[in-house]
Amino acid sequence: MTLNELMIKHNFISKVLFKSGNDELSKNLKVKLMNMRIEMGKIRKQFETDLQEVVKGLAPEGYQELASKQDRTEEENAELKTLNDKINDEYNAYVTKKGQETIDSSHFDATLTSDEYNEILEVNAGNDVEINGTKLNAPDFLEVLYSLFVA
């Protein structure tokens, strides 16, 4: 699995409800889902920390002073725009390359059986979610969840 795939899976698995009304997932499935969330969350958190370091590393000397300066001249605004464009371009190149890297997920199970999915389906049948600003109704959410996790 690539880092991009892991990020997508983490976005979805973190929205699964463990209990809804009288319906509740089994203890074993809760443990499995929590393990997925935790392990994927660790990788995601490390990536986000790395991104902060990338931004610091890409900003040239004097950039912060120029960016925080209140009354910039036309030349300074043009220089800042050029620097921002360059930093964004390099940042995006890093994110793209890093996102394609294979992640070692051998220490946790990132799949669901059909029975586990059916159990999730019962509890999450009314679980409308929002992922990265996109609202998904429960059927669409569950369909994507199936395509991402069911082996």
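**Helix packing and local features of the predicted model**

Helices α5 and α6 are roughly antiparallel to each other, a class that requires an angle over 145 degrees, whereas angles under 35 degrees count as roughly parallel, 65 to 115 as roughly perpendicular and the rest as oblique. The structure is a predicted model, in which local features need pLDDT of at least 70 and side-chain atom pairs count only at pLDDT 80 or more, while totals for chains, interfaces and linings use all residues. Residues are numbered from 1 along each chain as its sequence is written, and side-chain values use heavy atoms, with hydrogens and water left out. Helices (H or I, at least four residues) and strands (E, at least two) are DSSP runs, numbered from the N terminus.

Two packed helices are described by the angle between their axes and the distance between the axes. For helix α5 (residues 114-124) and helix α6 (residues 138-149), the angle is about 165° and the axes lie 11 Å apart. Axes are lines fitted to C-alpha atoms, for helices over the stretch in contact, and angles run from 0 to 180 degrees between N-to-C directions. The crossing of α5 past α6 is right-handed; a crossing is given this name if the near helix is turned clockwise from the far one by less than a right angle, and is left-handed if anticlockwise. On the α5 side, the contact (heavy atoms within 4.5 Å) is made by Tyr117, Ile120, Leu121 and Asn124, and on the α6 side by Ala138, Phe141, Leu142, Glu143, Leu145 and Tyr146. These residues comprise 8 nonpolar, 1 polar and 1 charged, where Ala, Val, Leu, Ile, Met, Phe, Trp, Tyr, Cys and Pro count as nonpolar, Asp, Glu, Lys and Arg as charged, and the others, Gly among them, as polar.

Helix α5 also packs with α2: the two axes come within 11 Å and cross at roughly 95°, so α2 is roughly perpendicular to α5. Leu29, Lys32 and Leu33 of α2 meet Glu116, Glu119 and Ile120 of α5. This contact of α2 with α5 has 3 nonpolar, no polar and 3 charged residues.

Helix α2 has 32 residues and reaches 46 Å from its first C-alpha to its last, close to the 46 Å expected at 1.5 Å a residue; the expected span is 1.5 Å times one less than the number of residues. Its buried residues include Met36, Ile43, Phe47 and Val54, and the buried residues of α2 pack against α1, α4, α5 and α6. Buried means under 20% relative accessible area, exposed over 50%, and partly exposed in between (1.4 Å probe, protein chains only). Glu39, located in α2 (residues 27-58), counts as buried because its relative accessibility is 13%. Apart from neighbours within four places in sequence, Glu39 is in contact with His107 and Phe108.

The 26 residues of helix α4 (residues 74-99) should span 38 Å, and the end C-alpha atoms are 37 Å apart, which agrees. In α4, Glu76, Leu80, Leu83, Ile87 and Gly99 are buried, and the cover over the buried residues of α4 includes α1 (3-13), α2 and α3 (63-68).

Two loop residues were also examined. Asp104 lies in the loop between α4 and α5 and, at 52% relative accessibility, counts as exposed. Asp104 and Ile43 are 61 residues apart in sequence and 9.7 Å apart in space, C-alpha to C-alpha. Asn132 is found in the loop between β3 (129-131) and β4 (134-136) and counts as exposed at 66% relative accessibility. Most residues other than glycine have a negative phi. The phi of Asn132, however, is near 50°, a positive value.
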